[in-house]
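This briefing describes how selected parts of one protein chain are arranged. Please keep the sequence and the structure in view while reading.

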Amino acid sequence: MTTQKAVALRISELLIKNNMSQYALSVNSGLTKQAISNIINEKYTSIKLDTIIKISDAFHITFQEFFNSNVFERTKFDIN
């Protein structure tokens, strides 16, 4: 799995858990709807740490809680 995929899965997981739409995440994070869509659809080759912090804040969780998910287990990543 790529890091982009893991971030996309985590955001999708949090959207479902919080019964939140991509639009609501956009409004709450200050990011554009297109940016949220691009992240979820893995269109970006990298995602800024600032973006992850804005998304975490929008979900009212800490940065550490964002990464506290089994999607980020090291053994799941394809890193060359």
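A residue is called buried when its relative accessible area is under 20%, and exposed when that area is over 50%. The structure shown here is a predicted model. In helix H3, the buried residues are Ala35, Ile36, Ser37, Asn38, Ile39 and Ile40. Because six of the eight residues of H3 are buried, H3 is largely enclosed by the rest of the structure.

**Helix H3 and its surroundings**

- Helix H3 spans residues 33–40, and a loop connects H3 to helix H4 (49–58).
- The buried residues of H3 pack against helix H1 (3–17), helix H2 (22–29) and H4.
- Asn38 is a residue of H3, and Asn38 counts as buried because its relative accessibility is 13%.
- When neighbours within four places in sequence are left aside, Asn38 is in contact with Lys43 and Tyr44.
- Just after H3, Glu42 adopts a positive phi of about 55°.

**Packing of H2 with H3**

- Two packed helices are described by the angle between their axes and the distance between the axes.
- For H2 and H3, the angle is about 120° and the axes are 8 Å apart.
- This angle makes H2 oblique to H3.
- The crossing in which H2 passes H3 is right-handed.
- On the H2 side, Gln22, Tyr23, Leu25, Ser26 and Ser29 take part, and they meet Lys33, Ile36, Ser37 and Ile40 of H3.
- By class, the residues of the contact of H2 with H3 comprise four nonpolar, four polar and one charged.

**Packing of H2 with H4**

- H2 and H4 pack at an angle of about 110°, and their axes are 8 Å apart.
- H2 is therefore roughly perpendicular to H4.
- Leu25, Asn28 and Ser29 of H2 form this contact with Lys54, Ile55 and Ala58 of H4.
- The contact of H2 with H4 contains three nonpolar, two polar and one charged residues.

- Where does Tyr44 lie? Tyr44 is placed in the loop between H3 and H4.
- Tyr44 counts as partly exposed because its relative accessibility is 34%.
- Not counting residues up to four places away in sequence, Tyr44 touches Gln4, Ala35, Asn38 and Ile39.
- The side chains of Tyr44 and Asn38 are joined by a polar contact of 3.4 Å.
- Tyr44 and Gln4 are 40 residues apart along the chain, and their C-alpha atoms are separated by 7.4 Å.
- Gln4 belongs to helix H1.
- Is Gln4 buried or exposed? Gln4 is buried, because its relative accessible area is 16%.
- Gln4 touches Glu42, Tyr44, Thr45 and Ser46, again not counting residues up to four places away in sequence.

- Thr32 is located in the loop between H2 and H3.
- With a relative accessible area of 48%, Thr32 is partly exposed.
- A polar atom of the Thr32 side chain lies 2.9 Å from the backbone nitrogen of Ala35.
- Thr32 and Gln22 are 10 residues apart in sequence, and the C-alpha to C-alpha separation of Thr32 and Gln22 is 9.7 Å.

**Positive phi angles in loops**

- Most residues other than glycine have a negative phi.
- Asn19 is not a glycine, yet Asn19 has a positive phi of about 50°.
- Asn19 is found in the loop between H1 and H2, and Asn19 is exposed because its relative accessible area is 74%.
- His60 is likewise not a glycine and has a positive phi of about 60°.
- His60 occupies the loop between H4 and helix H5 (63–66), and His60 counts as exposed because its relative accessibility is 74%.

Note on methods. Residues are numbered from 1 along each chain as its sequence is written. This is a predicted model: local features need pLDDT of at least 70, side-chain atom pairs count only at pLDDT 80 or more; totals for chains, interfaces and linings use all residues. Side-chain values use heavy atoms; hydrogens and water are left out. Helices (H or I, at least four residues) and strands (E, at least two) are DSSP runs, numbered from the N terminus. Buried means under 20% relative accessible area, exposed over 50%, partly exposed in between (1.4 Å probe, protein chains only). Contact means heavy atoms within 4.5 Å. A polar contact is a pair of N or O atoms within 3.5 Å; within protein, one must be able to donate a hydrogen and the other to accept it, and residues adjacent in sequence count only if both atoms are side-chain atoms. Axes are lines fitted to C-alpha atoms, for helices over the stretch in contact, and angles run from 0 to 180 degrees between N-to-C directions. Angles under 35 degrees count as roughly parallel, over 145 as roughly antiparallel, 65 to 115 as roughly perpendicular and the rest as oblique. A crossing is left-handed if the near helix is turned anticlockwise from the far one by less than a right angle, and right-handed if clockwise. Ala, Val, Leu, Ile, Met, Phe, Trp, Tyr, Cys and Pro count as nonpolar, Asp, Glu, Lys and Arg as charged, and the others, Gly among them, as polar.
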